[in-house]
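Q: Please look at the following model, and let us ask of each label what makes it apply.

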Amino acid sequence: MAAELHLVIGAGPVGTSVAHRLARDGRRVRLVTRSGSGPEHPLIQRVAADASDSAALAVLAKRATVIYNCANPGSYPQWKRVWPPLAASILRAAESSGAVLVTLGNLYGYGPVTVPITRDMPLRPTDPKGALRARIWEEALASHEAGRVRATEARASDYIGPTAPARSSVLAFYANATLADRMAWVFADPDQPHSWTAVNDIAATLITLGTDRRAWGSPWLVPSSAPVSTREVLSQLARIAGAGEPRLRRIPRGPLHTAGFFVPTMRELRGVLYQFDAPFAVDASATTDTFGLTASPWRKVLARTAPIWRERALVSRTA
């Protein structure tokens, strides 16, 4: 009997990690990206396709057991245009194939919070990006409740890990400066406690949710770190990597607001900076209690991440 087929959409840090883990466990993987990129492995079939093309994706999804939506459709200004048809296409592929749909989500839908986030908190987005992600989940949930699909979602906080790129991780963006011994300009208060999510833990959670029927029909938070401020994380990384103590300078909101008129990404970024204006903690105890998943030991996450980010920072400094 052929090994079960898992369809992974997107080869960013999380999609790549999911594909690696599945292949390592002996599962066949079909990895779909626009360019056909992704990790090489005998059990990983890399396919170049536009996942927002419903007809093409439906063909690729045939006989798939699980579909993992790990897509990351470009920068924030592109979300409004790219996400709706992409999410709709992936949902239809899951419905037509009978595969379980597991979506990689984030915490934007909860909006500003005053207590640790739990999975059963209501979605109250205050930003268009949060509203968009909330709508993607609500549409998948409606299909699940109608019996057309089995759907679940893993919600992660800001990424940390060796493969987290500076373009999609605010922490990695700051570290690219601090680990090269340069001043880092930060967008919000660097001393507010914040939960961080290891890329490998996101991948492990996605795979568990796709293969455990107790997960279906609900969202789940990815186990994340205890809250640690941006300044302290950068200091810890610097000590491990042998870099100097981070020098951080906060950009006032006035200039940020002005920059938003000329740089669309800056305008979109302002809408989610509330996550760093006050304590922002994740309580994933429901995920731990149900599936036994826990966050990777913090010291190990830092030890794996620091040398890779330091090397990347030094290369970028000399480029």
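Q: Which residue stands opposite Leu 7 in β4?
A: The residue of β4 that stands opposite Leu 7 is Ile 67. This is a predicted model, in which local features need pLDDT of at least 70 and side-chain atom pairs count only at pLDDT 80 or more, while totals for chains, interfaces and linings use all residues. Residues are numbered from 1 along each chain as its sequence is written, and side-chain values use heavy atoms, with hydrogens and water left out.

Q: What makes β1 and β4 a pair of strands?
A: Two strands pair if DSSP finds at least two bridges between them; strand β1 (residues 5-9) and β4 are joined by five bridges, and therefore they count as paired. The two run parallel. Strands here are DSSP runs of E with at least two residues, and helices are runs of H or I with at least four, numbered from the N terminus.

Q: Why is the unit of β4, helix α3 and β5 called right-handed?
A: A crossover is right-handed if, with the strands pointing away from the viewer, the path from the first strand over the helix to the second runs clockwise. The β-α-β unit that β4, helix α3 (residues 76-97) and β5 make is right-handed, so its path runs clockwise in that view.

Q: What makes strand β4 mostly covered?
A: In strand β4 (residues 64-69), five of the six residues are buried, where buried means under 20% relative accessible area, exposed means over 50%, and partly exposed lies in between (1.4 Å probe, protein chains only).

Q: How many residues of helix α5 are buried?
A: Eight of the nine residues of helix α5 (residues 170-178) are buried, and the helix is mostly covered; among them are Leu 171, Tyr 174 and Asn 176.

Q: Why is Gln 192 called buried?
A: The relative accessibility of Gln 192 is 18%, which is under the 20% limit, so Gln 192 counts as buried. Gln 192 lies in the loop between β8 (184-186) and β9 (196-198). Leaving aside residues up to four places away in sequence, Gln 192 touches several residues, including Val 228, Phe 276 and Pro 279, where contact means heavy atoms within 4.5 Å.

Q: What makes the pair of Gln 192 and Asp 189 a polar contact?
A: A polar contact is a pair of N or O atoms within 3.5 Å, and within protein one must be able to donate a hydrogen and the other to accept it, while residues adjacent in sequence count only if both atoms are side-chain atoms. The side chains of Gln 192 and Asp 189 make such a contact at 3.2 Å, so the distance falls within the limit.

Q: What is the phi of Arg 63, and what is that of Asp 181?
A: Arg 63 has a positive phi of about 70° although it is not a glycine, and Asp 181 has a positive phi of about 60°, again without being a glycine. Most residues other than glycine have a negative phi.
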